[in-house]
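User: I would like to learn how to read the features of a structure like this one, starting with a helix and moving on to the ligand. Could you take me through it step by step?

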Amino acid sequence: TERTLILLKPDAVQRSLRGEILRRIEAKGYGIVALAQRTATAEELSSHYAEHEGKPFYQPLVDYMGSAPLVAIVAEGEKVIEGFRSLAGATNPTSAAPGTIRGDLGREWDLPVIQNLVHGSDSPESAAREIAIWFPEVG
Ligand code: GTP
Ligand code: MG
């Protein structure tokens with residue numbers, strides 16, 4: 001079985017969509033291994049988003065992610081990495097398919113960063129790296 005790192009981003013918390021998003025994760029049959037709500041530190045975010053450093057949306061992204069509490073989750077299940085990315089939908093909520101978290105619940109706002117409710121690890125290597133950042137105590 002496989003594990004992934006999911007973030008319910010600050011817009012999901014502020015819009016009271018935690019329950020709706022968790023419902024979709026649980027309804028799919030994935031297990032919740034760890035879950036914590038907190039405001040991310042600058043260290044966690046620079047490490048989490050290292051691959052995007054230097055891109056024009058990097059600073060707005062880090063500012064948004066650190067602006068208010070988020071919920072970090074370790075979920076597990078067969079093919080959960082790909083499966084959660086599929087549940088989440090495309091990065092841009094305008095083009096994300098209906099039926100997905102971003103397609104059903106997200107939309108674009110006139111903001112310097114795309115606020116799209118959730119993050120999910122994109123590979124087993126990313127999942128291991130990101131779980132170590134957010135939950136160093138979870139093996
Ligand atoms: P995550 O699961 O959040 O990592 O989304 P992703 O893998 O679909 O997107 P990616 O890792 O490429 O980008 C990380 C985050 O940066 C996205 O979720 C958006 O919030 C933001 N972002 C990505 N691309 C753009 C862009 O072209 N413009 C803007 N403004 N924001 C972007
Ligand atoms: Mg990504």
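Analyst: We begin with burial: a residue is called buried if 20 or more other C-beta atoms lie within 10 Å of its own. Please keep in mind throughout that this is a predicted model.

User: Which residues of H7 are buried, and how are they placed around the axis?

Analyst: The general idea is that an α-helix has 3.6 residues a turn, so residues three or four places apart point the same way. In this structure, the buried residues of H7 are Ala127, Glu130, Ile131 and Trp134, and because they cover an arc of only 105° around the axis, they lie on the same side of H7. Among the elements that cover these buried residues are S1, helix H3 (42-48), S3 and H5.

User: How many residues does the largest nonpolar core have, and which of them have the most contacts inside it?

Analyst: The largest nonpolar core has 29 residues, and those with the most contacts inside it are Ile6, Ile21, Ala75, Phe84, Ile101 and Val118. The elements giving two or more residues to this core include strand S1 (2-8), strand S3 (70-77), helix H5 (80-88) and helix H7 (124-134). Taking Ile6 as a case, and not counting residues up to four places away in sequence, we find that Ile6 touches Ile73, Ala75, Phe84, Val118, His119 and Gly120.

User: Where is His119, and why does His119 count as buried or exposed?

Analyst: His119 is in strand S4 (residues 118-120), and it counts as buried because it has 23 C-beta neighbours inside 10 Å. Leaving aside neighbours within four places in sequence, His119 is in contact with Ile6, Leu7 and Lys9. An unreviewed UniProt entry lists His119 under "active site".

User: Which residues are around ligand 1?

Analyst: The residues around ligand 1 are Phe57, Leu61, Thr91, Val113, Ile114, Asn116, His119, Gly120 and Asp122, and this shell divides into 4 nonpolar, 4 polar and 1 charged. In the unreviewed UniProt entry, the annotation "binding site" covers Lys9, Phe57, Arg85, Thr91, Arg102 and Asn116.

User: Are Phe57 and Asn116 buried, exposed or partly exposed?

Analyst: Phe57, found in the loop between H3 and H4, is partly exposed, with 13 other C-beta atoms within 10 Å. Asn116, in the loop between H6 and S4, counts as buried, with 23 C-beta neighbours inside 10 Å. Leaving aside neighbours within four places in sequence, Phe57 touches Pro112 and Val113, while Asn116 is in contact with Thr91, Pro93, Arg102 and Gly106.

Definitions and conventions
Residues are numbered from 1 along each chain as its sequence is written. Chains are lettered from A and ligands numbered from 1 in the order in which they are written. This is a predicted model: local features need pLDDT of at least 70, side-chain atom pairs count only at pLDDT 80 or more; totals for chains, interfaces and linings use all residues. A nonpolar core is a set of buried Ala, Val, Leu, Ile, Met, Phe, Trp, Tyr and Cys residues joined through C-beta atoms within 7 Å. A residue is buried if 20 or more other C-beta atoms lie within 10 Å of its own, exposed if 12 or fewer, and partly exposed in between; C-beta atoms are placed from the backbone. Helices (H or I, at least four residues) and strands (E, at least two) are DSSP runs, numbered from the N terminus. Two residues are in contact if their C-beta atoms, placed from the backbone, lie within 7 Å. UniProt positions are given in the numbering used here, feature names are shortened, and annotations may be inferred rather than shown by experiment. The arc is that of the directions from the helix axis to the C-beta atoms. A residue is near a molecule or strand if its C-beta atom, placed from the backbone, lies within 6 Å of it. Ala, Val, Leu, Ile, Met, Phe, Trp, Tyr, Cys and Pro count as nonpolar, Asp, Glu, Lys and Arg as charged, and the others, Gly among them, as polar.
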